[in-house]
Amino acid sequence: MITISRFWFIGVMVLFFLSGCVTLVYEVFWMKELGLLFGNTAFSTATTLAVFFLGLATGGYYWGRRSLRIRNPLQTYGLLELAVAVSVIGYFYILDTYHVIYPHLYGRFGNSPLVLVSIKFLLSFLLLFPASFFIGGTLPLMTHYLSSNINRTGKTLSLLYAVNTLGAAVGALLAGFFLPNWFGFSLSYRGAIGCSLLIGCMALVLASRGTLGKRGTRPVAARIIPDTGCKRLPASTIWLLSALSGFGMLGLQVLWTRMFAQVLQNSVYTFASILFVFLIFLALGAAAANRIIDRYSDVLNALFVIMVAGALIVSATPFLFNYLTDGLHFVSGRSGWNEYLFQVLSLEFTVMGPPLILLGMVFPLLVRIAEPMQAVPGRLVGQLVCVNTVGAIGGSLITGFVIFQTIGAWAGIGLVGMSYLVGAMYLVHGLEKPNRPSMLIPMAAILLLVSALNPTRLPRVRIDPDPNRERLLQVWESGSGTVAVVRQGDALKIKVNNYYTLGGSDSKELEEVEAYLPLLAHTRPKSVFFLGLGSGISAGAVLRFPVERLVVAELIADVVTASENYFGSFNNGLFVDPRAVIVAEDGRSLIAASPEKFDLVIADLFVPWRSGVGSLYTVEHYLNVRDSLETDGLFMQWLPAYQLSFRGFGSIVRTMLEVFQQVTLWRGDFSSRRPVLGLLAGRIRKPLQPDAMLFSSTAPQRIGRDVPVLSHYVGNMGMLSDAFEGFPINHDDKPVIEYQAPVTQLRQQSGEVAWMVGRNLLDFMERIRDRQSSGTDPYLVDVPVRHKQLPLAGMELYRSQVLNSEGYGSAAREAYARYLTMAKPGSFR
């Protein structure tokens, strides 16, 4: 019998809490790092997650089987924690090597998707499996250490599971909200490694000094199978229910994350909050199971009731969510960031809390019921953890690649609920003396799910109830998101996850300008890379020029389908022109891996606060773009000024100035309320050439709404480099845009921060003009004299728009008259 003092017990619990915390920090960071390496696609994410859970399952099984031969489980646990730290240290060196060799592997096997997927899986395996294998062994060994005899295994496991999962919730909170923003990923990694080393060393100290018999050893658990006082189930039933529990938990996490994505900001913070809340209630469920095990000797009836009740509540979550969001209304925080977080957490607690507490009890209760199967606590837990984790792998993969595409998120949630009801029926059927009337309860619940609680009638996309204003044409669901094509009046638009618009036919002029401007600033571009497809209008406009090759990268495959099926009459034959290649792949990953060189790279407009978008504004990405350019190549980074503060804009400008020798600023349009800006960067410092296409008589002299091309030019950012020195550089290691843009967006809604629109943008442009008036802009030094006044003409045109929006009609007309004088048709040919 083990004797453990209260002090030692608390110390062990603290170590296991910290272990869960550090493990989630690792997991979140691994997903981020491998997303940058392999691309933020659904398949890459699923591959990484599957490898991580495979390591946990294998480690749980292996170390559980070895537990009988381990005389000091706490000592071995400490060694496992040290092994985790060493594995993570090795991860750094392996990852650096992969960053070097992966482009070569892509160049060799890029045209063989199956081979490339296998390579990604192998790389993920070598990176993640060692550490996750050691992590997987911690729960069986700790349970073995603390279980005085086999009939306490369920109680011990439920307590450890609760403590470890609570630590994991704290780790998710730290990794998602604070550590990368405060310290960056590398320093946070090192801190996590230090914690693993500390946990391992403290465990070794406790193992050598604890009151567990002579020198901390414990007697081996008896091989006699005790009578637990609980009704027995066949081993096959327990294995099946354990796998079902893992399948349901991970499946629900994926499905609920998609559900919340329809109404939330979809920043790194909102996804972190979902994981945090999920783990909090999973821990509460394990704690509740601990109380049930402590009070009742026979927990089978409790498990049956819990599975039926949990299934019904899970199946009701789509209806509750739809009601609380008033039919998928966007959740906004008009009073600022703190109010928004409160709204989001309240919604997540209300929807996910009750079902997670119930379903979080299932696995610990199964361990209690399984006690008669195995006389060694560690071995029993290891086996069940392995089966449960394999089920979790299946839940993640099947949900991401089967359920979304076939039946959709709403029906998928109902299917998970129904699987728990089938599990409850199987539980009753597995009893030595089945209670046949009890079978009627889950059967009646299934009938309820396919009738009153059938979620397929719920809306997948919020549409204006007036069909004359908005009408849904088609919707697709996949692991990458929910994509819809809607008709608003006479215009077609593409929506992703309900609210994010990827362009539309009514903005055709602006979208074409996004292609025209960088093309016209080049001399004779032959090859173009377009990052982001959307409606395809911008990319299609490239084909109006005599380019030889156009490569378009789009992250979401369903967006490619939507563009091809509905925007063919707007995108200039993009999908039939032999010069164009459309690739459903992460654009950042593709341009980093591809050995191809381009004359021009164009990055479309992106919502800055969306998760993953910040990585498109980092030094590392810009270095990859620069390396993909020909010697005289150009890169255009389009920015939504109406979604950027001056600090965010300044950070992007300074980051580009760190990489490119020349960066100039252009207007995409002249709107005062929703202005679009473009940063045109060159691999080498080179003035605008007299033979650039914008000066050619065969190229359009006016674009957009009949505005001279050079009127879009604002200024040379290189001449203002000192003005941006105080802004942070955006790195993969410390992604300031990723973590600050979401907060800025909510602060703007509350009036604390202003976007770069209207008067704010005009004042900034005037500062550029004043700074450059003292010297010649080297970018315009070779521009024909008759064109040099056009940038100032563009300033007056924008001024007129700002004054008009402010209600100064007379001043606006005067500014517009000045624009007309400086930009007379024919005066600049």
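Visitor: Let's start with Arg549: is it buried, partly exposed or exposed?
Guide: Keeping in mind that this is a predicted model, Arg549 counts as partly exposed, because its relative accessibility is 33%, and partly exposed is the class between under 20% for buried and over 50% for exposed.

Visitor: Which residue does Arg549 form a salt bridge with?
Guide: Its partner is Glu596, and the closest N and O atoms of the two are 2.5 Å apart. Arg549 lies in strand β6, whereas Glu596 lies in the loop between α19 and β8, so the pair ties together parts that are 47 residues apart in sequence. Glu596 counts as partly exposed too, at 24% relative accessibility.

Visitor: How many salt bridges are there in the whole structure?
Guide: A search of the whole structure finds 20. Another of them joins the side chains of Asp722 and Arg771, at 3.0 Å from N to O, and that pair links distant parts of the chain, with Asp722 in the loop between β14 and α22 and Arg771 in helix α23, 49 residues apart.

Visitor: What about Arg799 and Glu796, where do they lie?
Guide: Both lie in helix α24, 3 residues apart, which is about one turn of the helix, and they form a salt bridge whose closest N and O atoms are 3.3 Å apart. Arg799 is buried, with a relative accessible area of 13%, and Glu796 counts as buried at 10%. Salt bridges that share partners join Glu766, Glu796, Arg799 and Arg818 into one network.

Visitor: Changing topic, which residues of α22 are buried?
Guide: Among them are Val736, Ile737, Tyr739 and Leu746, and what covers the buried residues of α22 includes α1, α6 and α21.

Visitor: You mentioned α1; what does it give to the nonpolar patch?
Guide: Helix α1 gives the most to that patch, with 4 residues.

Terms used. Residues are numbered from 1 along each chain as its sequence is written. This is a predicted model: local features need pLDDT of at least 70, side-chain atom pairs count only at pLDDT 80 or more; totals for chains, interfaces and linings use all residues. Side-chain values use heavy atoms; hydrogens and water are left out. Helices (H or I, at least four residues) and strands (E, at least two) are DSSP runs, numbered from the N terminus. Buried means under 20% relative accessible area, exposed over 50%, partly exposed in between (1.4 Å probe, protein chains only). Contact means heavy atoms within 4.5 Å. A salt bridge is a side-chain nitrogen of Lys or Arg within 4 Å of a carboxyl oxygen of Asp or Glu.
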